[in-house]
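Visitor: I'd like to learn how to read packing features in a model like this. Could you walk me through a few?

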Amino acid sequence: MAFTEQDQDQILVQGVSLDQIDQQINYFVHGFPFLNVIKAATIGDGIVRIEEDQIPAYIHRFDAAAHERDLVKFVPASGAATRMFKSLFAAMDGKSDKSVDEVFTRLTDFAFYEDLKAAMAAKGQDLDKAVAENERKTVLQFLLTDEGLEYGSLPKGLLKFHQYIDGPRTPVEEHLVEGAAYANSDGLVKIHFTVSPEHRDRFETLIDEQKADYEAWLGVTFDITFSEQKKSTDTISVNLDNSPFRNADGSLLFRPAGHGALIENLNDIQADIVFIKNIDNVVPDEIKEPTVTYKKVLAAVLLDAQQQIARIQGLLDSEEVSDGYLAEADELFRRTLFTLPPEGFEDLSKEEKVGYFRRKLDRPVRACGMVKNVGEPGGGPFWARNQDGSVSLQVVESAQIDLANPAQKAIFDEATHFNPVDLVCGLKDHNGRKYDLPAYRDPLTGFITAKSKDGKDLKAQELPGLWNGAMADWNTIFVEVPLITFNPVKTVNDLLRKEHQPA
């Protein structure tokens with residue numbers, strides 16, 4: 001692809017190379033291959049179920065190890081709440097539905113009600129009167145636009161989600177409370193939020209205002225950090241004929257490449273164990289206990305796996321590797337790490353087998369919570385064939401599967417669980433050396449999406465997703481977690497569900 005000198009200067013400022021641009025355009029031209037899924041992961045066949053009577057032992061193992069580990073809670077928090085208010089934006093244009101009726105019928109049940117009332121009063125408007133007189137557009141303007149609360153353009157993390165006796169809480173504050181319960185190493189709680197640059201100041205202000213009060217209440221010290229999606233992870237956009245899309249001024253158009261770009265932010269985290277959870281998946285204090293319990297269970301599963309991996313690595317580093325050692329390595333992969341060797345593995349020499357096991361052991365590790373599928377969108381747990389011929393567990397999005405292929409569609413339909421973005425990650429080996437996370441990404445698991453700019457259609461590209469393609473070459477364990485641990489707020493009406501209301 002030929003670029004002008006001006007283009008090359010722009011690409012340089014963007015922080016990407018011409019080779020990367022050429023590769024991105026190549027993906028636009030040829031597309032991404034579908035992943036070859038072998039079967040759905042189910043209980044007893046890829047998904048571990050921890051029995052109730054075992055849970056206290058798992059919690060004890062994590063609690064005993066926590067003070068020796070550097071823990072971080074990593075929260076992707078840059079997403080705007082625009083889609084959360086989709087129905088309300090439509091109502092501003094006169095297109096109302098039952099969900100909008102519910103919002104106005106139960107307006108006082110929202111944690112932001114008093115803020116909305118105050119914002120309207122400051123401009124000489126009475127919220128209750130406006131509702132009574134069915135002046136919905138006025139109310140929505142104060143809720144959604146910069147005339148009032150700006151909820152339509154703020155990130156979810158800054159919205160008032162839950163009401164308490166001592167006042168409302170945002171998701172950011174809920175993550176502080178939650179983090180203190182499990183991402184706590186001798187009283188130090190590290191939490192990292194990825195935020196958009198235009199809202200970073202508001203996040204920092206919220207933390208500055210609230211941090212001391214939460215520290216006093218919870219008896220911990222918070223170390224709160226922020227990062228933004230790196231410009232170098234943005235991908236180029238193209239026209240429908242795959243030529244570079246240009247803005248009105250002739251410059252190239254780069255777009256953020258989805259949550260997969262955050263693997264770079266995660267790679268900057270210097271920690272032993274990282275808990276990953278989305279910003280909107282928080283609940284009030286009364287029902288936090290199962291979340292805390294299973295976060296510790298997942299972390300204990302991860303620590304157990306790391307211990308077993310280190311033991312086998314020690315055996316394979318022996319001067320003389322016996323057949324028994326190889327059998328133990330094979331057993332670990334089949335029964336704990338759920339990875340099957342490529343076809344023809346039995347015919348390899350001992351040295352080749354040792355090399356394979358060493359490479360497969362020397363990778364980041366993750367334990368992923370899986371909830372029963374109740375029709376929610378999200379990546380599912382599958383056994384899939386990797387580029388090296390091995391078969392392992394993968395979190396797979398529907399777009400990665402060839403649903404036009406009846407056999408693949410049948411496997412997709414057999415999934416019993418899905419991934420609610422509930423991960424505990426081990427970023428270092430047993431010697432404390434941190435892995436370079438982007439090196440374990442499968443670049444062939446990106447996405448092409450249809451977008452538009454200035455009324456013109458274009459194609460955009462997303463990088464491999466953070467918890468699927470970006471972690472495709474990790475050692476992976478799936479653990480069933482209860483559905484109560486998954487309570488995301490996708491629409492404003494979700495805040496009216498009993499899980500998000502005061503008990």
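Visitor: Leaving aside its neighbours within four places in sequence, which residues is Met471 in contact with?

Guide: Before that, some ground rules: this is a predicted model, where local features need pLDDT of at least 70, side-chain atom pairs count only at pLDDT 80 or more, and totals for chains, interfaces and linings use all residues. Residues are numbered from 1 along each chain as its sequence is written, and side-chain values use heavy atoms, with hydrogens and water left out. Contact means heavy atoms within 4.5 Å. For Met471, the partners are Ile263, Leu266, Ile276, Arg366, Leu423, Cys425, Tyr440, Gly465 and Leu466.

Visitor: Which residues of the largest nonpolar core touch the most other members?

Guide: A nonpolar core is a set of buried Ala, Val, Leu, Ile, Met, Phe, Trp, Tyr and Cys residues joined through side-chain atoms within 4.5 Å. Buried means under 20% relative accessible area, exposed is over 50%, and partly exposed is in between (1.4 Å probe, protein chains only). Here the largest core has 77 residues, and Leu266, Val274, Phe275, Ile276 and Met471 touch the most other members. Helix α12 (residues 289-316) supplies the largest share, 14 residues. Helices (H or I, at least four residues) and strands (E, at least two) are DSSP runs, numbered from the N terminus. There's also a second, separate core of 33 residues, with Phe110, Phe112, Tyr113 and Phe142 among them.

Visitor: How many aromatic pairs are there?

Guide: Rings of Phe, Tyr and Trp (its six-membered ring) pair if their centres lie within 6.5 Å; planes under 30 degrees apart count as stacked, over 60 as edge-to-face and the rest as tilted. That rule gives 17 aromatic pairs. Take Phe62 and Phe275: their ring centres are 6.1 Å apart and their planes stand at 90°, so this pair is edge-to-face. It joins distant parts of the chain, as Phe62 is in helix α3 (residues 55-66) and Phe275 in strand β12 (residues 273-277), 213 residues apart. Both Phe62 and Phe275 are buried.

Visitor: Why is the pair of Phe203 and Phe226 tilted?

Guide: Their planes are at 55°, with the centres 6.3 Å apart, so Phe203 and Phe226 count as tilted. Phe203 belongs to helix α10 (residues 200-218) and Phe226 to strand β9 (residues 221-227), so the pair ties together parts 23 residues apart in sequence. Phe203 is buried at 0% relative accessibility, and Phe226 is buried at 13%. As for clusters, Phe85, Phe110, Phe112 and Tyr151 form one.

Visitor: In what order do the four strands of the open sheet run?

Guide: Strands of a sheet pair through backbone hydrogen bonds, either parallel or antiparallel. The criterion used is that DSSP finds at least two bridges between two strands. Here the order is β1-β15-β16-β13, with antiparallel pairing. At the edges stand β1 (36-40) and β13 (339-340), each with a single partner strand, so one side of each has no neighbour in the sheet. Strands β15 (residues 380-385) and β16 (residues 391-396) pair over six bridges, and Arg385 stands opposite Val391 in β16.

Visitor: Which residues have a positive phi although they aren't glycine?

Guide: Glu150 is one, with a phi of about 65°, in the loop between α8 (136-144) and β5 (162-164). Glu150 is partly exposed, at 22% relative accessible area. Val421 has a phi of about 60° and lies in the loop between β17 (417-418) and β18 (422-426). Val421 is buried, at 7%.
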